[in-house]
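Trainee: I'd like to learn how to read a protein model from its features. Could you take me through one?

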Amino acid sequence: MSRRVVALTPFLTAIYLILTSTAAQAACTPSSTRMCLQNNRFSVTVNCQTSSGSGAAQVARAGTTDSGLFWFFGSNNWEMLVKVLNACSTNNRYWVFIGVTTNVAWTMTVTDTLTNATKIYSSPLGTASCPIR
């Protein structure tokens, strides 16, 4: 199967989760460090690291049931946009998009609470995050 990703902005990254669509109840519980998307089916957490230490990114706001923002250092300085879309009608997958505006090291964990499938994405310290194709 051929896949094509169209970049919406230079900072937008598209990531495909290999998951199937089912209609069972999800189990994610949102917190100050855990974002729950797609009606609480997907759990998203982010850890960040600078040269002087590391910590959990904070949820700045869950914008919709599909997307939200994380901050690393201050609530008025958003660092990462995360969006999960249901593309099951297209290719029987959920798509994860991220937009990152930092050169701080980060590790994002996305878990499908229905299937327990987990994907981990990261970027090293000192490297500007760029699209993954």
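This is a predicted model: local features need pLDDT of at least 70, side-chain atom pairs count only at pLDDT 80 or more; totals for chains, interfaces and linings use all residues.

Trainee: Fine. How many helices and strands are there in the chain?

Mentor: One helix and 10 strands. Reading from the N terminus, the order is β-β-β-β-β-β-β-α-β-β-β.

Trainee: And what share of the residues is buried?

Mentor: The cut-off for buried is a relative accessible area under 20%. Of the 133 residues in the chain, 40% are buried. As for the surface, the chain exposes about 7300 Å², and carbon and sulfur atoms supply 51% of that. Contacts say something about the fold too: among those with a separation of 6 or more, 49% link residues 24 or more positions apart.

Trainee: Let's zoom in on a strand. Is β6 mostly covered or mostly uncovered?

Mentor: To read a strand, check each face in turn. β6 spans residues 67-71, and five of its five residues are buried. Ser67, Leu69 and Trp71 lie on one side, with Gly68 and Phe70 on the other, and both faces are covered.

Trainee: Which strands does β6 pair with?

Mentor: For pairing, look at the bridges and the direction. β5 (residues 58-61) runs antiparallel to β6, with three bridges between them. Glycine 68 has valine 82 of β7 as its bridge partner, and six residues lie between the two strands in their hairpin.

Trainee: Now the cysteines. Which ones does the disulfide join?

Mentor: Check the sulfur distance, then the torsion. The structure holds one disulfide, and it joins cysteine 28 to cysteine 36 with an S to S distance of 1.9 Å. The torsion about that S-S bond is about -65°, so the disulfide is left-handed. Cysteine 28 is buried at 8% relative accessible area, and cysteine 36 is buried at 10%. Cysteine 48 (8%) is buried, as is cysteine 88 (16%).

Trainee: Last one: why does serine 43 count as buried?

Mentor: Compare its relative accessible area with the cut-off: serine 43 has 7%, and buried means under 20%. Serine 43 belongs to strand β3 (residues 42-50). Its side chain makes a polar contact with the side chain of arginine 34 at 2.6 Å. Leaving out neighbours within four places in sequence, the contacts of serine 43 include Cys28, Met35 and Val110.

Trainee: How far apart are aspartate 112 and serine 43, in sequence and in space?

Mentor: They are 69 residues apart in sequence, yet 6.6 Å apart in space, C-alpha to C-alpha. Aspartate 112 is in strand β9 (residues 105-112), and at 1% relative accessibility it counts as buried.

Technical notes
Residues are numbered from 1 along each chain as its sequence is written. Side-chain values use heavy atoms; hydrogens and water are left out. Helices (H or I, at least four residues) and strands (E, at least two) are DSSP runs, numbered from the N terminus. Buried means under 20% relative accessible area, exposed over 50%, partly exposed in between (1.4 Å probe, protein chains only). A polar contact is a pair of N or O atoms within 3.5 Å; within protein, one must be able to donate a hydrogen and the other to accept it, and residues adjacent in sequence count only if both atoms are side-chain atoms. Contact means heavy atoms within 4.5 Å. Accessible areas come from the Shrake-Rupley method with a 1.4 Å probe; for residues, only the protein chains shown count as cover. Two strands pair if DSSP finds at least two bridges between them. A disulfide is a pair of cysteine sulfur atoms within 2.5 Å.
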